[in-house]
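Subject: Structure handover

Hello,

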Amino acid sequence: MASVEKATRFVDYFVISGLDDSSELEPDKLSGDTLQNHPLERPYKSKVLAHFPDNVPWNPFDENAIGMLCLPKGLSFKTQWDSRQPKFHSFLITREDGSRSYGSALLFYEEVTSKSVLETMQTLFKMHQANTAVTFCLDSPEPVRKIMGDRREKQSSFDASRDKLYVSKCISLITPLPFVRSCQQLLQQLYEAAQKPSQLAMTLESYVFNLIYDVPLPPCGCSMKFFGCSGPVCVLRPNVGGLPLFDFSLYDMFKLLGVNKIVDIYKCVLLEHQILLYSSDFVINFVCSQANMCFVDIDNKDSIDIPEDLPNFPYESELAMELTQVLNKYQNVIGAEKISSRSHPTTPRRDLGSRTNLRPDDSGGGSAGSWPNSPKRKEVLQQSEAWKKISSLAKKTGVWDSIEEIVLEDSASASSDKTKERESTSLSAEQESGMSASEVNCLKFNSSVREIFLNCFVHMFASYENFVINPSQDLEQWLSNRETVHNFDKAAFLSDQPEAHLPFLSAFIETQMFTTLMDNKIVSQWEEADPGLRLFDARIGKLKDSASGEPRIITYNPCSTIEEAETFIERRAKNFNFVASKAHEIASHISPSQYVSGVFPLLSKELLNSEPANSKSKFRENAKWRRKDRQLQHKEHLQANIETDAQEQYMRLRKPQVPDMSQTSSIAQTNWKFVETLLKECKTKTKKMLVEKMGQEAVELGHNEASITGVEENTLIASLCDLLERIWSHGLQTRKGKSAVWSHLLSFQEIQEENAPAEPKLLAPGLPKRNSLIDIKSLVDGSFTILGRSISLSNLSTVGVDSEKEQTHVKGHRRRSSQGRIELPVLRPMPKSLLADMRKIQQMSDIHTEVGKTRALIRLALERKILSAHLKHLLSDTELLRNLYKRYAFLRCEDEREQFLYHLLSLNAVDFFCFTNTFPNSVVPYRVLIYPSTKLGGSTTSANVWVSVAGQLGETGVMEVTKSLLEHNFENKNLGVLTTLRIGHDNTGMMPKWLVEYVLVRNELTGHTYRFSCGRWLGRGVDDGSTERLLVAELMHHTIDTEDEVVVTSPPRTCSPKSPRKNQDANAGLAEIQHNLGQAVNNLVKHFYKPEKERGNITFLLCGDKGLVHCMEQVFQFGFRSARLFRNKMFIWDYMERLKTFFENALAGNTGRPLSDVCKAGYWLFCDLVGKINTASDSVGKDGKFQVFICVGIRKRCLHRWLPLMANTAVTVYIVIGEFPEALEIMDREVKMKC
């Protein structure tokens, strides 16, 4: 940055790079081992032949870096048979201190005249020819081998006596800013002047001298015109508050790749993925991350491979639509100009004789003027016998493929010569008045595209400043602790974003690019802010102002700064702020006729390295001009942007104002209207949240709670948080911190903790401190008073013992008391105080900012349905309100405050999971309570018990439960809404059998309690022999909190499936079974037709009460013969195993009847699945195996095909078909609906 501030010239250096005739040819080591290539295809080492001036203090010349970047492929050689069109490229040099310099280079070819170089190339060719001999198949006929050998020899051979050798050369400009388009025009004019030196008005040294010393660097927001060899060149530098300089053509990139592909590549760049750009000329590899790679074939625009897991860009559809509109707008203008520039190129073409004839020195026959203008030249050539022979020989050697090529080149050359004079008059008039229309349109297109991308980012990070963690130390301390300090509250920021944006934003905020942005934001507290950061913050402020102060931008607003940017470009392109002086002759002793045509000369060092004596005075004049230009801009600003009334107001503000007491009433009226607006907005937001929640089905997919994980809900809750911040910010006496709500909460917490009674265990002997709550005078009497409560010193030990006893009692619940009776655990009520919830938020390690903590507390209170109670308790301290807020503040208006709390109270009618689903990385404490049965001797077990809890966001894995305890406390990464629980034991000890009624799991942060009903035995030799059970969660909505425990009640429909022996639906009728099964199938179908974010828990739909497995149990039990007819109890899985034996015998041919291919396939799949389930796990019982069988059969879509096969067996007739032969008809008819 220091070099840019000191730079005062438009060009720092003019550089000439190429072949040094005085040195020998050396291979370019940077290109690797290329000795196996043809000598003409090998890169050779280049050298900086000359640079002017020798050095400038603000930008030291780096010869090695500039020489390598001017000719990145090294020196290359070509012959007269190869294409030698000039090529332009730009480059960038970044130094260790962060300063940059920009280069623009034009590469072209010149004929080699050095005999040593020609001899060296001839020797290299002979050596290569000896090492790589031409071989052909022996079966090839002699003419074919001869033709192939001749063709290869002519195309790849080199003969110094016959062929002309050309070598690459480069002229380049080193500038402090990337003026790519202007530098390309300058280099093109210098190259064309060197090709035709006879047309020069003065020497090349004069033009280069003028470019280096007489053309200044234009200030920000100004345009400048200076002159090259053949015409003027225009430069436009953006404003300080505008987008930085970008002088490349974005239109070519959009036309080549398309909008959608560019957006995909842009996403890969932002996420720092590895990007490989491939073309026939270059291969560019941007290595940011090795995990994902984006491959782009520039020559084939349809060939682009992006990573499969690339997330969608926020507002991607709106962004693509805006870009398409801009592209269509400029397509007709820029596209037509591109076509006209191709048909009439400004670069003069080389002589046709050097390209079309077989030998460059052949002149050919006919007049040069009459032949190209002949309308029937193609027919004349085709009728000529001599031309046919020459054409066939040219095709064999590869000079051209058809006659159309040379005819088209002749016609193009002729047409360009005719139209050049006609275009010169219009172009000269246009250039004298300002920039050309093509340049202006390209600049406007670039500006429009970049404004659209910036507008998209402004919408994405409109509230990012609230989550920046400002350090409390100075700059040096912050830099030393940079690696261990958090700069951005990522968890709180992501909690405010829409669900659709989270995949991209969660990955983007982890990139080095975003980290650099946050570092620049924090460093701006001590140093001058980065220009890009200032622009970004200014655009965010402008967007919020356009939204009438609304802190949250919910909808995407199209870019509104395009017209302003286009107007600025048009105004500066027509009216130049500065016109540089034209070149004057500085070398009177040199004539342009001394230059060799087609060779760019090595210019005079004596002339170009001597700085003019009056350069300082010129720069003083430029400084005066810059001051004048600032005054002119200020005047234009007043005339263009401020109307007459606004000008009077503007001038009035400059005069001292006398306070007018008559305005007090109007100010009060304005504040009153603002209070009413806040109240109305609160009513609207709460009503919208209620409608959005209650408008869905009351019972969704079998759950008793509505689905709340939608994009709209998260956005509405974040908007409610912003509204609370605005209410708490209205009428503040003094603003402290970024969050007014959290500042109020901290003040309230401080007062409450000071007034809170001291805990007995904290009391210690010794004199109390000053301003203590303890009455010092009472110490004389052997007792003291705390908040009006008298405590004797002799009772302190008793108080401590009682507290220890209470702690011992709360520690845990034993499975059997000393009296031999089971002691069931008690679920203690959670504290509902505001201070307790504040402490929970303060203990969260992934939230670091005041704004983030405020939003987390609001979400937690909203999920616990105590938001209104918390805020009412906070606002009950009227003395604190008077100290913090002015009289007209919203929070001091009692009627409006009561209505505000009433609107928040209405949110308790619906269920929110806005805290549970928003912080997936937070560590959450959980409490597990196991309730065994007190009957049938199954209350205790000697085995080692374990549990595993799973939710929508994760799973805990197996956790050992301490013996003799029925309670287990653990902390784990947020599991989300709990779905299932697995409980089991290892079946060890004397009495491992255990009868579990249900299990309770409570989230100790949100207070959500989940009941997992069981009612089954765990152990071998009892029930179905299972030692583990899968239980489905049911959220408890109805809780009755007492002083000692929480009584949980739940609807009977949302239980886990109980034992079929105890199920009350075992005697259900046929109609009821059909209805239940159809309802279960419909719930599954609706689950997959809903959006992914609105789907419920599929585990409950399959394995829960009234789920598919439960209904299939009813189907199989209907008509099942009584178990008392058999020696042991009969389970459905026993029936499945008998069917497996029957199917195996049938496949072995023991049944005596033929089987079709469909039956064989069905039998084999059935036997294979049952066998795998039996061998998978020994801890799963028979009912659990049947559950797995139904779920896998549904997934493989085989269950509806197995049922008819199962019905037509002797096993079914003997076991199932008894009193009710229509049982299997139900299975066959209803289950087909699932597929």
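How many bridges join E20 to E23, and in which sense do the two strands run? The model is a predicted one, and in it E20 and E23 run antiparallel and are joined by five bridges.

The sheet around E20

E20 belongs to an open sheet of eight strands with antiparallel pairing, in the order E18-E17-E20-E23-E22-E21-E16-E19. Strand E18 (959–960) and strand E19 (967–973) are the edges, each pairing on one side only. In the order given, E20 has E17 and E23 beside it. Strand E17 (residues 945–951) pairs with E20 over seven bridges, in the antiparallel sense. Strand E20 (residues 978–985) has seven of its eight residues buried, so the strand is largely enclosed by the rest of the structure.

On from E23, three bridges join strand E23 (residues 1028–1035) to strand E22 (residues 1009–1018), and this pair also runs antiparallel. There, Arg 1011 stands opposite Glu 1034 in E23.

Overall figures

The protein has 1235 residues, of which 47% count as buried. Its secondary structure comes to 42 helices and 25 strands. Among contacts with a separation of 6 or more, 74% are between residues 24 or more positions apart. The accessible surface is about 64700 Å², and 52% of that belongs to carbon and sulfur atoms.

An enclosed helix and a surface patch

Helix H6 (residues 204–214) has 11 of its 11 residues buried, so this helix is largely enclosed by the rest of the structure. The buried residues of H6 include Glu 205 and Asp 214, as well as Phe 209, Leu 211 and Ile 212.

On the surface, Leu 1147, Trp 1164 and Leu 1165 form a nonpolar patch with about 280 Å² of accessible area together. Leu 1165 lies in helix H38 (residues 1157–1176) and is partly exposed, with a relative accessible area of 34%.

Salt bridges

The structure holds 28 salt bridges. Side chains of opposite charge can pair when their charged atoms come close.

Glu 439 and Arg 181 meet in a salt bridge through their side chains, at 3.1 Å from N to O. Glu 439 lies in helix H15 (residues 437–460) and Arg 181 in helix H5 (residues 180–195), so the pair ties together parts that are 258 residues apart in sequence. Both count as buried: Glu 439 has a relative accessible area of 10%, and Arg 181 is at 13%.

Asp 837 forms a salt bridge with Arg 864, where the closest N and O atoms are 2.8 Å apart. Asp 837 is buried at 0% relative accessibility, and Arg 864 is buried at 14%.

Asp 911 and Lys 865 meet in a salt bridge at 2.7 Å, N to O. Asp 911 lies in the loop between helix H33 (894–905) and strand E16 (923–932), and Lys 865 in the loop between H30 and helix H31 (867–874), so the pair ties together parts that are 46 residues apart in sequence. Asp 911 is buried, with a relative accessible area of 19%, whereas Lys 865 is partly exposed at 31%.

Salt bridges that share partners also join Asp 496, Asp 722, Arg 855 and Arg 859 into one network.

Cysteines

How many disulfides does the count come to? The count comes to zero. Cys 70 shows why: a disulfide needs two cysteine sulfur atoms within 2.5 Å, but the closest cysteine sulfur to that of Cys 70, in Cys 170, is 4.4 Å away and so too far for a bond. Cys 70 counts as buried at 0% relative accessibility. Cys 1014 is buried as well, at 2%.

Regards

Key. Residues numbered from 1 in each chain as written. Predicted model: local features only at pLDDT ≥ 70, side-chain atom pairs only at ≥ 80, totals over all residues. Heavy atoms only, no water. Pairing = 2+ DSSP bridges. Helix = DSSP H or I, 4+ residues; strand = E, 2+ residues; numbered from the N terminus. Buried < 20%, exposed > 50% of the residue type's maximum accessible area, 1.4 Å probe, protein only. Contact = heavy atoms within 4.5 Å. Areas by Shrake-Rupley, 256 points an atom, 1.4 Å probe, with all protein chains shown as cover. Patch = residues over 30% accessible without salt bridge, like charges linked within 9 Å, V, L, I, M, F, W, Y side chains within 5 Å. Salt bridge = Lys/Arg side-chain N within 4 Å of Asp/Glu carboxyl O.
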